[in-house]
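The points are grouped by topic and follow the display below.

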Amino acid sequence: MKKTVKEIAELINGEVVGDKNIVITGISGIKEAKEGDITFLANPKYAPLMETTKASCIIAPKDVEPKGKATLIKADNPDLGFAKVVSLLSPLGPVPVKGISSLASISKNAKLGKNVSVGPFAVVEDDAEIGDNTIIYAGAYIGNNAKIGKSTILYPHVSIREKCVIGDSVIMHSGVVIGSDGFGFATVAGVHHKIPQIGIVIVEDNVEIGANVTIDRARFGKTVIGKGTKIDNLVQIAHNVVIGENSIIVAQAGISGSTTIGKNVIMAGQSGIVGHVEIGDNTIIAAQSGISKSLDKNIFVIGSPARPQNIWKRINASMGHLPELLKTVSKLSKKVKVLEEKVYGKTEDNKERS
Amino acid sequence: MKKTVKEIAELINGEVVGDKNIVITGISGIKEAKEGDITFLANPKYAPLMETTKASCIIAPKDVEPKGKATLIKADNPDLGFAKVVSLLSPLGPVPVKGISSLASISKNAKLGKNVSVGPFAVVEDDAEIGDNTIIYAGAYIGNNAKIGKSTILYPHVSIREKCVIGDSVIMHSGVVIGSDGFGFATVAGVHHKIPQIGIVIVEDNVEIGANVTIDRARFGKTVIGKGTKIDNLVQIAHNVVIGENSIIVAQAGISGSTTIGKNVIMAGQSGIVGHVEIGDNTIIAAQSGISKSLDKNIFVIGSPARPQNIWKRINASMGHLPELLKTVSKLSKKVKVLEEKVYGKTEDNKERS
Amino acid sequence: MKKTVKEIAELINGEVVGDKNIVITGISGIKEAKEGDITFLANPKYAPLMETTKASCIIAPKDVEPKGKATLIKADNPDLGFAKVVSLLSPLGPVPVKGISSLASISKNAKLGKNVSVGPFAVVEDDAEIGDNTIIYAGAYIGNNAKIGKSTILYPHVSIREKCVIGDSVIMHSGVVIGSDGFGFATVAGVHHKIPQIGIVIVEDNVEIGANVTIDRARFGKTVIGKGTKIDNLVQIAHNVVIGENSIIVAQAGISGSTTIGKNVIMAGQSGIVGHVEIGDNTIIAAQSGISKSLDKNIFVIGSPARPQNIWKRINASMGHLPELLKTVSKLSKKVKVLEEKVYGKTEDNKERS
């Protein structure tokens with residue numbers, strides 16, 4: 001599909017610097033681009049590539065200084081602008097499954113909306129509901145009484161256990177497990193007795209969940225993933241966790257049971273949070289950090305155990321000096337001892353004074 | 001299903017404080033409960049909720065001081081008591097697959113016990129055995145010669161590779177992989193040659209394994225998960241690991257090859273253990289800890305690398321003072337130098353003394 | 001299958017010390033071996049087991065001192081020698097699926113090579129290609145236009161998304177996800193808008209990928225796993241990552257977007273690397289380490305944040321002395337204050353000097 005720079009600039013509400021009539025025929029990264037391609041510059045550190053790229057057009061931030069030969073489209077948010085252009089120009093990524101496969105297993109009691117697609121070997125159990133335009137890929141499993149919203153995509157091998165509720169425009173990548181039993185046991189004389197987990201999971205609208213993520217059902221009540229929250233691959237979310245809207249949980253992070261997370265929180269990769277605490281809105285948890293207490297809003301913590309970023313930075317810098325510090329103090333101790341002997345005369349005296 | 005407080009108290013061997021004849025019609029968490037519900041208080045820190053809950057009955061520890069209007073059932077272990085009540089009153093969580101689906105693929109040479117259920121698109125390969133009352137959900141895979149015990153539940157997409165042996169009353173959540181090849185290579189001139197992994201995995205009775213857990217088959221011999229051990233989601237267990245009875249392995253923990261873990265060990269979330277070490281009975285490894293050496297029985301370690309808890313706590317508290325310490329020592333060094341000059345007169349002298 | 005020690009020694013180009021005519025009937029670990037078994041000694045720390053093992057033959061390093069009764073076969077690389085012997089003597093681990101199951105769903109437009117096996121409930125979508133002798137286990141999913149090489153094995157529930165390219169002699173264990181969308185969003189006013197991920201994943205020849213690993217497709221361009229690289233279970237590899245040849249990525253490690261990793265790199269378990277950095281050839285990253293900057297070739301780093309091993313060791317050892325150091329410095333400060341009072345006479349004076 002071909003579009004002119006002018007047409008694209010109008011689409012993303014951008015300002016053209018250069019030739020508006022160039023025809024764009026492809027999309028690419030700034031390094032890999034060839035003539036006819038459109039690309040984008042989100043990170044200022046890559047600005048020098050504007051001079052070497054072979055792209056015909058670059059979507060760039062408004063404050064960038066033009067360089068090189070390519071026409072620029074200046075936009076408030078080049079990332080978002082580029083996303084719109086990709087959706088316009090690129091053939092749709094996944095080719096959707098079309099219609100209901102004759103090889104799927106769908107209960108007579110299940111309720112399917114309009115224009116639903118179900119791939120081969122997918123299973124939809126009794127009384128499950130699936131909204132309009134939703135796509136269920138091959139081998140996905142929808143348990144009894146589960147409810148899936150509209151325009152949602154479940155990739156191959158997703159498993160939605162019974163009674164869980166999934167919103168509209170949700171994306172779940174392959175291997176996601178929703179509604180596995182929470183990890184709860186009553187221990188008597190060293191033997192662990194299973195505590196039934198009779199709650200559910202609610203995944204609200206516009207959530208995206210990465211491959212092989214696991215989200216446990218509540219003991220009772222519900223585990224909740226708030227609207228617009230995005231979860232990366234291999235994340236663990238335990239029973240009764242509640243995550244607010246538009247938070248970001250990066251790969252391999254883990255959240256223990258009954259913890260509550262605010263809105264627009266960022267948990268970076270491999271970080272972890274203990275159970276039964278609260279994390280305030282807009283707070284950022286750095287990669288590999290370990291959170292053992294509730295956290296205020298709007299802070300940035302790092303480390304295991306985590307500390308506020310400025311404190312952690314000072315401690316971390318100091319640690320590099322620690323071996324030298326030990327030697328320095330050892331020398332100082334000797335010097336002081338010698339000084340004391342010189343000044344006070346006798347060792348016995350010194351001990352009394354110290 | 002309705003029960004009176006008296007009936008429930010008898011079931012869990014508890015002592016009633018209040019009206020024995022109240023009829024219980026539902027189950028809920030202490031915050032969410034409404035009239036007619038039974039709830040429980042396991043953690044004393046939630047005792048104030050006894051006054052605000054709308055529940056009609058609370059299962060509570062024997063030493064709790066009665067508060068609020070709800071009838072109490074005092075029990076030795078409220079968690080366990082509550083688990084029994086849930087099993088009594090609640091509709092069974094998962095509705096079991098009933099019988100053998102005509103859409104499953106079951107080898108003629110497989111041996112199935114009585115009352116086995118196999119869901120659609122599940123596969124049971126040649127010479128596999130499945131015990132009485134076991135439930136195999138949709139899309140699960142049982143490899144050649146694998147043996148599954150009685151009253152075991154395998155949720156959707158579980159994969160049991162060839163020859164592995166699973167006990168009775170085991171629960172495996174969706175996406176569990178048992179018997180993938182151990183990670184073993186012989187490296188010659190920088191190229192890694194695969195070492196065949198011809199052992200198996202044995203999962204003993206009453207084990208529960210969380211979603212997307214991976215347990216590798218032994219190089220030869222066996223990887224063993226001991227009776228009653230409970231494993232949370234996304235845990236990695238490498239080849240030839242042996243875990244004793246009734247241990248707890250929390251989400252995203254990892255155990256490297258040939259390590260042996262005792263009974264009633266607790267590995268908290270995201271912790272890791274190197275290969276070829278031994279962890280003693282009852283030992284507790286804190287979240288995100290890294291274990292690079294064998295550990296004694298009955299200890300509590302924390303940190304990466306891990307140290308005994310009391311030592312780690314002192315070090316961690318000290319780290320907060322480290323930046324200040326550096327400044328203090330720098331000032332002290334100057335003061336001592338000035339003192340030395342005053343006391344000894346010359347700098348040359350000082351150097352000799354230090 | 002029976003072989004003499006002589007035959008085995010010839011196979012692995014080893015030197016026999018002892019009786020060449022013993023007949024080997026089985027394979028086992030050095031501790032579990034019984035008469036007639038062959039075993040091996042790779043790690044010198046297990047040399048004392050040579051005296052107690054019941055094995056009839058031991059494959060051992062060339063420099064080992066003979067002990068015990070067993071015949072030795074001395075080899076340059078006992079691990080590799082043993083791997084060859086296992087392949088010779090042992091019944092093949094997995095019994096391959098044979099031919100194309102009538103229960104698989106294979107598009108008419110897919111191209112299958114010679115001698116391909118496809119298990120029940122596997123799905124091969126439109127225009128996918130599968131090379132000669134490749135084995136696709138039950139329930140695996142091959143998306144549109146994906147290409148799978150020759151002699152490759154995909155275990156149950158592997159998911160290869162559209163357009164991804166998999167090489168020859170690749171092994172992917174159960175639950176692997178290749179080509180899930182990269183985690184990329186453009187955030188406007190706190191709302192995250194999905195950036196389409198229209199690139200692919202390329203997995204080169206002789207790569208092995210562990211159970212439940214996730215590898216995201218590129219934003220555009222490609223995510224690449226280099227020839228001969230081995231990846232353990234539950235590893236996360238983000239979009240646009242490029243890994244060189246013959247690297248080793250151990251379980252639960254994670255690599256963030258657009259990072260480039262050299263050849264023969266080792267990432268130990270649970271380690272993590274931020275995005276947009278480069279890791280040099282032959283570099284080793286210790287378990288649980290966190291890498292936030294590019295790393296040179298041929299180094300060994302450890303810690304979170306990571307430091308060169310020798311520096312980290314000194315810091316870690318020093319940390320054990322930190323609580324004591326605080327006390328020492330506190331005492332020194334008092335002593336110096338007393339000395340200053342003695343030497344200078346007045347406190348006012350001291351303040352001026354410090």
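How are α5(A) and α4(C) oriented to each other? The two helices pack at an angle of about 55 degrees, and α5(A) and α4(C) are therefore oblique to each other. The model under discussion is a predicted one.

**Packing of α5(A) with α4(C)**

- On the chain A side, the contact involves A:Leu322, A:Pro323 and A:Leu326, which meet C:Arg314, C:Ile315, C:Ser318 and C:Met319.
- Five nonpolar residues, one polar residue and one charged residue make up the contact of α5(A) with α4(C).

**Packing of α4(A) with α5(B)**

- Helix α4 of chain A (residues 309-319) packs against helix α5 of chain B (residues 322-344), with an angle of about 55 degrees and an axis separation of 8 Å.
- Because of that angle, α4(A) counts as oblique to α5(B).
- From α4(A), the residues A:Arg314, A:Ile315, A:Ser318 and A:Met319 touch B:Leu322, B:Pro323 and B:Leu326 of α5(B).
- By class, the residues in the contact of α4(A) with α5(B) are five nonpolar, one polar and one charged.

**The sheet of chain A**

- Chain A contains an open sheet of 11 strands with mixed pairing, ordered β10-β13-β16-β19-β24-β27-β30-β33-β36-β38-β39.
- Its edges are formed by β10 (117-118) and β39 (307-308), each of which pairs on one side only.
- Within the sheet, β33 (residues 266-267) and β36 (residues 284-285) of chain A run parallel and are joined by two bridges.
- A:Ile266 is placed opposite A:Ile284 of β36(A).

**Cysteines**

- Over all chains, a search of the whole structure returns zero disulfides.
- B:Cys164 has a relative accessible area of 0% and is therefore buried, the cut-off being under 20%.
- C:Cys57 likewise counts as buried, because its relative accessibility is 0%.

**A loop residue of chain A**

- A:Lys98 is located in the loop that connects α3 (78-89) to β8 (105-106) in chain A.
- With a relative accessible area of 73%, A:Lys98 is exposed, since the threshold for that class is over 50%.
- A:Lys98 and A:Ile136 are separated by 38 residues in sequence, and their C-alpha atoms are 9.9 Å apart in space.

Conventions:
Residues are numbered from 1 along each chain as its sequence is written. Chains are lettered from A and ligands numbered from 1 in the order in which they are written. This is a predicted model: local features need pLDDT of at least 70, side-chain atom pairs count only at pLDDT 80 or more; totals for chains, interfaces and linings use all residues. Side-chain values use heavy atoms; hydrogens and water are left out. Two strands pair if DSSP finds at least two bridges between them. Helices (H or I, at least four residues) and strands (E, at least two) are DSSP runs, numbered from the N terminus. A disulfide is a pair of cysteine sulfur atoms within 2.5 Å. Buried means under 20% relative accessible area, exposed over 50%, partly exposed in between (1.4 Å probe, protein chains only). Axes are lines fitted to C-alpha atoms, for helices over the stretch in contact, and angles run from 0 to 180 degrees between N-to-C directions. Angles under 35 degrees count as roughly parallel, over 145 as roughly antiparallel, 65 to 115 as roughly perpendicular and the rest as oblique. Contact means heavy atoms within 4.5 Å. Ala, Val, Leu, Ile, Met, Phe, Trp, Tyr, Cys and Pro count as nonpolar, Asp, Glu, Lys and Arg as charged, and the others, Gly among them, as polar.
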